[in-house]
Each structure stands twice: as C-alpha cells, then as structure tokens.
Amino acid sequence: MFTDERLDLLQSNLDIAISVGPQKDSTYHAIAIGKLDSILVASPGYLAKRAVNETDLKSHHLVTLPWQQRAVLQNNHGQSISFCSETQLKVNTSISAINSVKCGVGIGLMPSIFVQEDLDSGLLQRVLSDYRREVREVYALHSDQQQLPMVLRRFVDKLKQALN
C-alpha cells in the first residue's frame with residue numbers, strides 16, 4: 001500500500017511502514033534508515049511563464065501534500081520563507097504531487113531523492129535553490145517484538161543504502 005498518510009500498522013495489517021519526521025511515542029519499533037531533504041521544483045514550462053523569487057512565492061500556484069501545511073524553508077543565511085499560497089492544488093501522495101508539478105501545475109516541495117532523475121533529465125528545475133526544508137529523519141516502523149524477519153531486514157538494509 002502506498003500512501004503519504006500515517007497509518008496504524010496493526011489496524012492496517014502492515015508488516016512495516018516508512019515514516020518521516022519525529023515519531024510519536026508508540027509500541028512500535030523505529031529503525032533510523034536515513035535522512036530526507038526537500039527542495040522546491042517546477043517544470044520548465046511553468047517557469048517560462050512566471051519568474052520566482054523569495055518575496056512572491058505566495059503568489060504562485062503550489063502543489064501541496066498534507067504534511068506540508070506549515071512547511072518553512074531556510075537558506076544558508078538563516079532567512080526563512082513559508083511554503084504557502086492562496087492558490088494550491090492539494091494532493092495526497094508524493095507521486096501525484098510530482099506528476100502534477102511535471103505537468104506544469106505549479107511549484108512543489110519534494111524530497112530531492114524523489115526528483116533527482118527528473119532534475120537530471122530537465123523535466124524539472126530547482127526553484128529558489130538557496131532554500132530547502134530542514135533535513136528530516138526517515139524511519140522504518142514495525143511491530144515485531146523479536147528480530148525482524150529476514151525479508152524485512154533485507155528491505156530495511158536496501159532502504160538504508162538508497163537513502164545514504
């Protein structure tokens with residue numbers, strides 16, 4: 001099951017969940033697997049129509065995910081801007097957000113690992129490249145009381161390799 005919502009492992013009958021950011025106290029075991037940074041991206045077509053600077057981000061069309069409601073981006077000089085706008089397309093999965101941004105709907109705040117190939121190929125471009133969201137920890141959550149089954153240990157190991 002792919003979703004950006006936080007689900008209960010037992011209630012949803014899941015073996016493992018990948019979660020980003022601070023973890024609530026729970027009976028689940030959290031294995032740190034890496035870190036994610038998020039950057040602003042847009043399609044070349046969108047950027048050809050509208051220039052972007054840090055003072056007018058609020059006037060742009062943004063593609064947002066539920067966990068980005070109060071996202072703040074900072075640059076290396078400690079200046080910050082909010083990722084918010086009057087005009088937003090709200091979607092519920094990272095895949096739909098990335099595809100919407102690639103189609104020219106607006107600017108998205110995406111984990112760099114998810115959009116690196118699109119940046120390399122020119123399908124997406126960085127926006128306000130000095131700004132990024134704080135780096136957040138990524139965890140694999142599981143409810144097993146003993147050692148993880150081998151297949152899940154291998155899966156977690158592969159995720160660690162991909163994120164580091």
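Reply: Happy to. Helices and strands here are DSSP runs, a helix having at least four residues and a strand at least two, numbered from the N terminus. On that basis the protein chain has 4 helices and 11 strands. Keep in mind that this is a predicted model.

Me: Thanks. What box do the C-alpha atoms fill, and what share of the residues is buried?

Reply: Along the principal axes, the C-alpha atoms fill a box of roughly 55 × 30 × 30 Å. Of the 164 residues, 37% count as buried. The chain exposes about 10000 Å², and carbon and sulfur atoms supply 49% of that area.

Me: And what share of the contacts comes from residues 24 or more positions apart?

Reply: Taking contacts with a separation of 6 or more, residues 24 or more positions apart account for 78% of them.

Me: Switching to charges. How many positive and negative side chains are there?

Reply: There are 17 positive and 17 negative side chains, and the centres of the two sets lie 1 Å apart.

Me: How many salt bridges does the structure hold?

Reply: The structure holds 4 salt bridges. As background, side chains of opposite charge can pair when their charged atoms come close. One of the salt bridges joins Glu 137 and Lys 35, at 2.8 Å from N to O. Glu 137 lies in strand S11 (residues 136–142) and Lys 35 in strand S2 (residues 29–36), so this pair ties together parts that are 102 residues apart in sequence.

Me: Then how many bridges pair S2 with S11?

Reply: S2 and S11 pair in the antiparallel sense over 7 bridges. Strand S1 (residues 17–20) is joined to S11 too, by 4 bridges, and the two run antiparallel. In that pairing, Ile 18 stands opposite Ala 140.

Me: Why would you call S11 enclosed?

Reply: Because 6 of the 7 residues of S11 are buried, the strand is largely enclosed by the rest of the structure.

Me: Back to salt bridges. What does Asp 118 pair with?

Reply: Asp 118 forms a salt bridge with Lys 102, and their closest N and O atoms are 3.4 Å apart. Asp 118 lies in helix H3 (residues 112–121) and Lys 102 in helix H2 (residues 94–102), so the pair ties together parts that are 16 residues apart in sequence. Asp 118 is buried, with a relative accessible area of 11%, whereas Lys 102 is partly exposed at 30%.

Me: Which residue does Glu 134 meet in a salt bridge?

Reply: Glu 134 meets Arg 133, at 3.8 Å from N to O. Glu 134 counts as partly exposed at 43% relative accessibility, while Arg 133 counts as buried at 10%.

Me: Let's move to S3. How many of its residues are buried?

Reply: In S3, 5 of its 5 residues are buried. In a regular strand the side chains alternate between the two faces of the sheet. Both faces of S3 are covered, with Ser 38, Leu 40 and Ala 42 buried on one side and Ile 39 and Val 41 buried on the other.

Me: Which strands is S3 joined to?

Reply: S3 is joined to strand S8 (residues 107–111) by 4 bridges, running antiparallel, and there Ser 38 stands opposite Pro 111. S3 is also joined to strand S9 (residues 125–126) by 2 bridges, again antiparallel, and Ala 42 stands opposite Gln 125.

Me: What about Ser 43, where is that?

Reply: Ser 43 is in the loop between strand S3 (38–42) and helix H1 (44–49). With 4% relative accessibility, Ser 43 counts as buried. Leaving out residues up to four places away in sequence, Ser 43 touches Val 101, Lys 102, Gly 104, Leu 123 and Leu 124.

Me: Last one: what order do the strands have in the open sheet of 3?

Reply: The order is S6-S5-S10, with antiparallel pairing. Strand S6 (80–82) and strand S10 (132–133) stand at the edges with a single partner strand each, so one side of each is left without a neighbour in the sheet. Strand S5 (residues 72–74) pairs with S6 over 3 bridges, and the bridge partner of Leu 73 in S6 is Ile 81.

Note on methods:
Residues are numbered from 1 along each chain as its sequence is written. This is a predicted model: local features need pLDDT of at least 70, side-chain atom pairs count only at pLDDT 80 or more; totals for chains, interfaces and linings use all residues. Side-chain values use heavy atoms; hydrogens and water are left out. Buried means under 20% relative accessible area, exposed over 50%, partly exposed in between (1.4 Å probe, protein chains only). Contact means heavy atoms within 4.5 Å. A salt bridge is a side-chain nitrogen of Lys or Arg within 4 Å of a carboxyl oxygen of Asp or Glu. Two strands pair if DSSP finds at least two bridges between them. Accessible areas come from the Shrake-Rupley method with a 1.4 Å probe; for residues, only the protein chains shown count as cover. Lys and Arg count as positive and Asp and Glu as negative; His and the chain ends are not counted. The place of a charge is taken as NZ of Lys, CZ of Arg, CG of Asp or CD of Glu.
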